[in-house]
Amino acid sequence: MDANLKAQFDETVKSHPIVLFMKGNALFPQCGFSARALQLLQPLGPVHTVDVLADPAVRQGIKDYSNWPTIPQVYIHGKFVGGSDILMELAERGELRDLVAAGGK
């Protein structure tokens, strides 16, 4: 992975409590999984979104960065959480809200 791209990802995930790498943006999600992830996260606080469709290097790079093959990808307090299925499971168990509230502890 390109060092500049890694640094960009490091800065992004550490600068925002909730980061969603998604297809599309908050106003116009481009896939159902991205829309579902956004819907689960928005009630918990501001969600910083990154549109992976805008840059092929970001689209592939984030998969390499997280070692996770699919989009969307969620980072909470700088830590990789997973994709929309994992978010759904965490939300159903009541753990997603706690994860955000914990502040990265």
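**Exercise 1. Classify Lys6 and Asp10, then describe how their side chains meet.**

Step 1. Lys6 has a relative accessible area of 41%, so Lys6 is partly exposed. The scale is this: buried is under 20% relative accessible area, exposed is over 50%, and partly exposed lies in between (1.4 Å probe, protein chains only).

Step 2. Asp10 has a relative accessible area of 19%, so Asp10 is buried.

Step 3. Their side chains meet in a salt bridge, with 3.0 Å from N to O. The term needs a side-chain nitrogen of Lys or Arg within 4 Å of a carboxyl oxygen of Asp or Glu.

Step 4. Both residues lie in helix H1 (residues 3-15), four residues apart, about one turn of the helix. Helices (H or I, at least four residues) and strands (E, at least two) are DSSP runs, numbered from the N terminus. An α-helix has 3.6 residues a turn, so residues three or four places apart point the same way.

A note on the model: it is predicted, so local features need pLDDT of at least 70 and side-chain atom pairs pLDDT 80 or more, while totals for chains, interfaces and linings use all residues. Residues are numbered from 1 along each chain as its sequence is written, and side-chain values use heavy atoms, without hydrogens and water.

**Exercise 2. Which residues of helix H4 are buried, and what covers them?**

Step 1. H4 spans residues 84-92, and its buried residues are Ser84, Leu87 and Leu90.

Step 2. These residues cover an arc of only 120 degrees around the axis, so they sit on the same side of H4. The arc is taken from the directions that run from the helix axis to the C-beta atoms.

Step 3. Their cover includes helix H2 (32-41), strand S3 (73-76), strand S4 (79-82) and helix H5 (95-101).

Step 4. After H4 comes Gly94, with a positive phi near 75 degrees.

**Exercise 3. What is the strand order of the open sheet?**

Step 1. The four strands run in the order S2-S1-S3-S4, with mixed pairing. Two strands pair if DSSP finds at least two bridges between them.

Step 2. Strand S2 (48-51) and S4 are the edge strands, since each pairs on one side only.

Step 3. Strand S1 (residues 18-22) and S2 are parallel, over four bridges. Leu20 has Thr49 as its bridge partner in S2.

**Exercise 4. Which residues does Ser66 touch?**

Step 1. Ser66 lies in helix H3 (residues 56-66). Ser66 is buried, at 15% relative accessibility.

Step 2. Leaving out residues up to four places away in sequence, Ser66 touches Gln73, Tyr75 and Phe80. Contact means heavy atoms within 4.5 Å.
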